[in-house]
Amino acid sequence: MSTTSSDPLVALGALPGVTDAVDSVRKAVDRVYGHRVMRRRSNEVTAEAALRGARGSAALSGADWNLEEVRRRTDFRGDDEARVVGAALRLTAEAGQLLSIWRQSPLRVLARLHLVAAGGAAPEDAVGRPRFAGEPVDEPLIEAPLPDADEVAGRLDGLARLILSESEAPALVTSAVVHGELLALRPFGSHNGLVARTAERIVLIGSGLDPKSICPAEVGHAEQGRAAYVAAFDGYLSGTPEGMAAWIKHCGRSAELGARESTAVCEALQRGAA
(Lines give C-alpha, C1' and ligand atoms only; values in the text may rest on other atoms or scores of the structure.)
Protein backbone atom coordinates (compact mmCIF):
# COMPACT_ATOMS: atom_id res chain seq x y z
CA MET A 1 0.00 0.00 0.00
CA SER A 2 1.51 3.28 -1.07
CA THR A 3 1.42 6.17 1.36
CA THR A 4 3.17 9.48 1.86
CA SER A 5 3.07 9.17 5.64
CA SER A 6 6.03 7.77 7.55
CA ASP A 7 3.52 6.13 9.87
CA PRO A 8 1.40 3.58 7.98
CA LEU A 9 -1.16 3.40 10.80
CA VAL A 10 -1.75 7.15 10.67
CA ALA A 11 -2.14 6.88 6.90
CA LEU A 12 -4.78 4.19 7.36
CA GLY A 13 -6.62 6.46 9.76
CA ALA A 14 -6.93 9.03 6.98
CA LEU A 15 -8.66 6.65 4.56
CA PRO A 16 -12.20 7.61 3.47
CA GLY A 17 -14.76 6.71 6.10
CA VAL A 18 -12.24 5.69 8.75
CA THR A 19 -12.27 9.03 10.58
CA ASP A 20 -16.05 8.82 10.85
CA ALA A 21 -15.76 5.25 12.18
CA VAL A 22 -13.21 6.37 14.78
CA ASP A 23 -15.47 9.20 15.92
CA SER A 24 -18.49 6.91 16.08
CA VAL A 25 -16.65 4.37 18.22
CA ARG A 26 -15.41 7.06 20.59
CA LYS A 27 -18.94 8.41 21.07
CA ALA A 28 -20.32 4.92 21.68
CA VAL A 29 -17.64 4.13 24.24
CA ASP A 30 -18.08 7.49 25.97
CA ARG A 31 -21.80 6.84 26.33
CA VAL A 32 -21.15 3.63 28.23
CA TYR A 33 -18.54 5.20 30.48
CA GLY A 34 -20.92 8.05 31.20
CA HIS A 35 -23.70 5.75 32.39
CA ARG A 36 -24.57 6.28 36.05
CA VAL A 37 -24.16 2.54 36.79
CA MET A 38 -20.47 2.80 35.90
CA ARG A 39 -19.86 5.02 38.92
CA ARG A 40 -20.77 2.23 41.34
CA ARG A 41 -20.76 -1.10 39.55
CA SER A 42 -18.14 -0.92 36.82
CA ASN A 43 -16.54 -4.20 37.96
CA GLU A 44 -19.81 -6.02 37.32
CA VAL A 45 -20.07 -4.49 33.85
CA THR A 46 -16.49 -5.50 33.10
CA ALA A 47 -17.13 -9.09 34.20
CA GLU A 48 -20.27 -9.33 32.09
CA ALA A 49 -18.53 -7.80 29.09
CA ALA A 50 -15.76 -10.40 29.42
CA LEU A 51 -18.27 -13.24 29.45
CA ARG A 52 -20.18 -11.89 26.46
CA GLY A 53 -17.00 -11.14 24.56
CA ALA A 54 -15.73 -14.67 25.08
CA ARG A 55 -19.06 -16.08 23.91
CA GLY A 56 -18.88 -13.94 20.76
CA SER A 57 -15.30 -14.91 19.95
CA ALA A 58 -16.08 -18.59 20.45
CA ALA A 59 -19.09 -18.27 18.14
CA LEU A 60 -16.85 -17.02 15.34
CA SER A 61 -14.62 -20.05 15.92
CA GLY A 62 -17.53 -22.42 15.49
CA ALA A 63 -18.90 -22.77 19.04
CA ASP A 64 -22.04 -20.64 18.95
CA TRP A 65 -23.43 -21.30 22.41
CA ASN A 66 -26.25 -19.56 24.20
CA LEU A 67 -24.94 -17.01 26.70
CA GLU A 68 -26.65 -18.73 29.61
CA GLU A 69 -25.01 -22.03 28.70
CA VAL A 70 -21.61 -20.32 28.77
CA ARG A 71 -22.49 -18.77 32.12
CA ARG A 72 -23.74 -22.04 33.62
CA ARG A 73 -21.07 -24.41 32.37
CA THR A 74 -18.05 -25.18 34.55
CA ASP A 75 -16.42 -28.05 32.67
CA PHE A 76 -15.09 -27.30 29.19
CA ARG A 77 -13.10 -30.48 28.67
CA GLY A 78 -15.73 -32.26 26.60
CA ASP A 79 -16.13 -32.00 22.83
CA ASP A 80 -14.43 -29.60 20.42
CA GLU A 81 -17.00 -26.84 20.92
CA ALA A 82 -16.65 -26.98 24.68
CA ARG A 83 -12.88 -26.66 24.37
CA VAL A 84 -13.26 -23.63 22.09
CA VAL A 85 -15.56 -21.90 24.59
CA GLY A 86 -13.17 -22.73 27.42
CA ALA A 87 -10.25 -21.30 25.45
CA ALA A 88 -12.17 -18.09 24.75
CA LEU A 89 -13.02 -17.66 28.43
CA ARG A 90 -9.41 -18.25 29.50
CA LEU A 91 -8.13 -15.73 26.96
CA THR A 92 -10.58 -13.06 28.05
CA ALA A 93 -9.53 -13.53 31.66
CA GLU A 94 -5.86 -13.33 30.70
CA ALA A 95 -6.06 -10.24 28.47
CA GLY A 96 -6.13 -7.60 31.19
CA GLN A 97 -3.11 -9.10 32.94
CA LEU A 98 -0.80 -8.73 29.96
CA LEU A 99 -0.94 -5.01 29.25
CA SER A 100 2.45 -4.09 30.67
CA ILE A 101 4.15 -6.93 28.82
CA TRP A 102 2.34 -6.03 25.59
CA ARG A 103 3.89 -2.57 25.66
CA GLN A 104 7.36 -4.12 25.93
CA SER A 105 7.13 -7.38 23.99
CA PRO A 106 4.00 -8.08 21.94
CA LEU A 107 5.40 -11.36 20.67
CA ARG A 108 5.76 -12.67 24.22
CA VAL A 109 2.13 -11.85 24.82
CA LEU A 110 1.03 -13.63 21.65
CA ALA A 111 2.98 -16.71 22.72
CA ARG A 112 1.33 -16.56 26.14
CA LEU A 113 -2.11 -16.19 24.59
CA HIS A 114 -1.61 -19.29 22.48
CA LEU A 115 -0.39 -21.22 25.49
CA VAL A 116 -3.48 -20.17 27.45
CA ALA A 117 -5.82 -20.96 24.55
CA ALA A 118 -4.34 -24.40 23.93
CA GLY A 119 -4.75 -25.31 27.59
CA GLY A 120 -2.81 -28.54 27.23
CA ALA A 121 -4.87 -29.72 24.24
CA ALA A 122 -2.03 -29.30 21.74
CA PRO A 123 1.36 -31.04 21.64
CA GLU A 124 3.62 -29.36 24.19
CA ASP A 125 6.35 -28.60 21.68
CA ALA A 126 3.87 -26.81 19.38
CA VAL A 127 2.38 -24.47 21.97
CA GLY A 128 3.34 -20.84 22.39
CA ARG A 129 5.55 -20.54 19.33
CA PRO A 130 5.04 -19.68 15.66
CA ARG A 131 4.58 -22.73 13.47
CA PHE A 132 7.47 -24.34 11.66
CA ALA A 133 7.59 -25.04 7.93
CA GLY A 134 5.17 -27.77 6.97
CA GLU A 135 3.17 -27.74 10.18
CA PRO A 136 -0.61 -27.78 9.68
CA VAL A 137 -2.96 -25.04 10.87
CA ASP A 138 -6.43 -25.70 12.22
CA GLU A 139 -8.45 -22.55 11.45
CA PRO A 140 -11.55 -23.56 9.49
CA LEU A 141 -13.16 -20.11 9.28
CA ILE A 142 -10.28 -18.52 7.35
CA GLU A 143 -9.57 -20.19 4.03
CA ALA A 144 -7.10 -17.66 2.62
CA PRO A 145 -3.71 -18.94 1.44
CA LEU A 146 -1.40 -19.64 4.35
CA PRO A 147 1.89 -17.68 4.47
CA ASP A 148 4.95 -19.86 4.88
CA ALA A 149 6.89 -19.98 8.14
CA ASP A 150 9.60 -17.55 7.00
CA GLU A 151 7.04 -14.97 5.94
CA VAL A 152 5.21 -15.42 9.24
CA ALA A 153 8.40 -14.76 11.22
CA GLY A 154 9.25 -11.65 9.23
CA ARG A 155 5.75 -10.19 9.39
CA LEU A 156 5.42 -10.90 13.10
CA ASP A 157 8.61 -8.96 13.71
CA GLY A 158 7.23 -6.13 11.59
CA LEU A 159 3.96 -6.16 13.51
CA ALA A 160 5.83 -6.00 16.81
CA ARG A 161 7.84 -3.00 15.60
CA LEU A 162 4.64 -1.30 14.51
CA ILE A 163 3.05 -1.84 17.93
CA LEU A 164 6.15 -0.61 19.75
CA SER A 165 6.47 2.48 17.55
CA GLU A 166 3.90 4.30 19.72
CA SER A 167 1.97 5.43 16.68
CA GLU A 168 -0.39 8.39 17.01
CA ALA A 169 -3.01 6.49 15.02
CA PRO A 170 -6.41 5.96 16.66
CA ALA A 171 -6.79 2.84 18.77
CA LEU A 172 -9.43 1.49 16.39
CA VAL A 173 -6.96 1.53 13.50
CA THR A 174 -4.16 -0.13 15.46
CA SER A 175 -6.43 -2.80 16.91
CA ALA A 176 -7.93 -3.58 13.50
CA VAL A 177 -4.47 -3.98 11.94
CA VAL A 178 -3.26 -6.23 14.76
CA HIS A 179 -6.40 -8.34 14.45
CA GLY A 180 -6.22 -8.52 10.65
CA GLU A 181 -2.53 -9.29 10.48
CA LEU A 182 -2.78 -12.15 12.96
CA LEU A 183 -5.69 -13.62 11.03
CA ALA A 184 -3.73 -13.29 7.81
CA LEU A 185 -0.62 -14.95 9.25
CA ARG A 186 -2.29 -17.61 11.41
CA PRO A 187 1.08 -17.97 13.14
CA PHE A 188 0.09 -20.83 15.44
CA GLY A 189 -1.10 -24.31 14.74
CA SER A 190 -4.48 -23.61 16.34
CA HIS A 191 -6.68 -20.96 18.02
CA ASN A 192 -5.47 -18.15 15.75
CA GLY A 193 -8.86 -16.47 15.51
CA LEU A 194 -9.31 -16.48 19.27
CA VAL A 195 -5.80 -15.10 19.77
CA ALA A 196 -6.30 -12.39 17.11
CA ARG A 197 -9.52 -11.16 18.69
CA THR A 198 -7.94 -11.15 22.15
CA ALA A 199 -5.04 -9.09 20.81
CA GLU A 200 -7.58 -6.63 19.41
CA ARG A 201 -9.10 -6.41 22.90
CA ILE A 202 -5.68 -5.79 24.48
CA VAL A 203 -4.99 -2.90 22.11
CA LEU A 204 -8.36 -1.29 22.84
CA ILE A 205 -7.77 -1.60 26.58
CA GLY A 206 -4.14 -0.53 26.58
CA SER A 207 -4.71 2.44 24.29
CA GLY A 208 -6.99 4.05 26.84
CA LEU A 209 -10.03 3.88 24.58
CA ASP A 210 -11.62 1.19 26.75
CA PRO A 211 -9.48 0.90 29.89
CA LYS A 212 -12.13 -0.98 31.89
CA SER A 213 -12.72 -3.44 29.02
CA ILE A 214 -16.46 -2.89 28.90
CA CYS A 215 -16.93 -2.62 25.12
CA PRO A 216 -16.28 -6.13 23.77
CA ALA A 217 -15.72 -5.92 20.02
CA GLU A 218 -16.03 -9.71 19.88
CA VAL A 219 -19.74 -9.31 20.58
CA GLY A 220 -20.08 -7.07 17.54
CA HIS A 221 -18.04 -9.34 15.29
CA ALA A 222 -20.32 -12.23 16.20
CA GLU A 223 -23.49 -10.16 15.87
CA GLN A 224 -22.56 -9.11 12.34
CA GLY A 225 -22.04 -12.77 11.49
CA ARG A 226 -19.30 -15.03 10.23
CA ALA A 227 -19.99 -14.23 6.56
CA ALA A 228 -19.62 -10.48 7.13
CA TYR A 229 -16.48 -11.09 9.19
CA VAL A 230 -14.84 -13.11 6.43
CA ALA A 231 -15.94 -10.64 3.73
CA ALA A 232 -14.46 -7.70 5.66
CA PHE A 233 -11.28 -9.67 6.28
CA ASP A 234 -10.97 -10.25 2.53
CA GLY A 235 -10.70 -6.48 2.29
CA TYR A 236 -7.77 -6.54 4.68
CA LEU A 237 -6.09 -9.27 2.65
CA SER A 238 -6.49 -7.25 -0.53
CA GLY A 239 -4.22 -4.54 0.85
CA THR A 240 -6.08 -1.90 -1.15
CA PRO A 241 -7.10 1.37 0.49
CA GLU A 242 -10.76 0.48 -0.03
CA GLY A 243 -10.32 -3.00 1.40
CA MET A 244 -8.36 -1.81 4.41
CA ALA A 245 -10.92 0.89 5.12
CA ALA A 246 -13.73 -1.67 4.91
CA TRP A 247 -11.99 -3.90 7.46
CA ILE A 248 -11.32 -1.03 9.86
CA LYS A 249 -14.92 0.16 9.58
CA HIS A 250 -16.14 -3.39 10.21
CA CYS A 251 -14.03 -3.53 13.36
CA GLY A 252 -15.35 -0.12 14.35
CA ARG A 253 -18.93 -1.25 13.96
CA SER A 254 -18.10 -4.32 16.07
CA ALA A 255 -16.74 -2.12 18.86
CA GLU A 256 -19.89 0.03 18.67
CA LEU A 257 -22.09 -3.05 18.99
CA GLY A 258 -20.00 -4.17 21.95
CA ALA A 259 -20.57 -0.79 23.56
CA ARG A 260 -24.29 -1.11 22.91
CA GLU A 261 -24.28 -4.52 24.60
CA SER A 262 -22.66 -3.10 27.71
CA THR A 263 -25.10 -0.20 27.73
CA ALA A 264 -27.87 -2.81 27.88
CA VAL A 265 -26.04 -4.47 30.78
CA CYS A 266 -25.87 -1.13 32.58
CA GLU A 267 -29.60 -0.61 32.05
CA ALA A 268 -30.35 -4.09 33.39
CA LEU A 269 -28.20 -3.49 36.46
CA GLN A 270 -29.96 -0.18 37.03
CA ARG A 271 -33.31 -1.93 36.94
CA GLY A 272 -31.99 -4.67 39.24
CA ALA A 273 -32.62 -7.27 36.56
CA ALA A 274 -29.10 -8.45 35.72
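Let's start with helix H2, residues 18-33: its 16 residues, at 1.5 Å a residue, should span 22 Å, and its end C-alpha atoms lie 23 Å apart, which agrees. (The expected span is 1.5 Å times one less than the number of residues; helices are DSSP runs of H or I with at least four residues, numbered from the N terminus.) Before going on, keep in mind that this is a predicted model, where local features need pLDDT of at least 70, side-chain atom pairs count only at pLDDT 80 or more, and totals for chains, interfaces and linings use all residues. Residues are numbered from 1 along each chain as its sequence is written, and side-chain values use heavy atoms, leaving out hydrogens and water.

So which residues of H2 are buried? Val18, Ala21, Val22, Val25, Ala28, Val29 and Val32 are, where buried means under 20% relative accessible area, exposed over 50% and partly exposed in between, with a 1.4 Å probe and protein chains only. They cover an arc of only 130° around the axis, which puts them on the same side of H2; the arc is that of the directions from the helix axis to the C-beta atoms. An α-helix has 3.6 residues a turn, so residues three or four places apart point the same way.

Take Val22, for instance: leaving aside residues up to four places away in sequence, Val22 touches Pro170, Leu172 and Val173, with contact meaning heavy atoms within 4.5 Å.

Not counting residues up to four places away in sequence, Leu182 touches Leu110, Leu156, Leu159, Pro187, Ala196 and Ala199.

At 73% relative accessibility, Pro145 counts as exposed. Its C-alpha atom is separated by 9.3 Å from that of Leu185, 40 residues apart along the chain.

Finally, look at the lining of the largest pocket. (A pocket is an open set of points on a 1 Å grid over the protein atoms alone, where a 1.4 Å probe fits, with protein on both sides within 12 Å along at least five of seven lines; lining residues have an atom within 4 Å of a point.) Helix H5 (80-95) and H7 each supply at least two lining residues, and the largest share, 7 residues, comes from H5.
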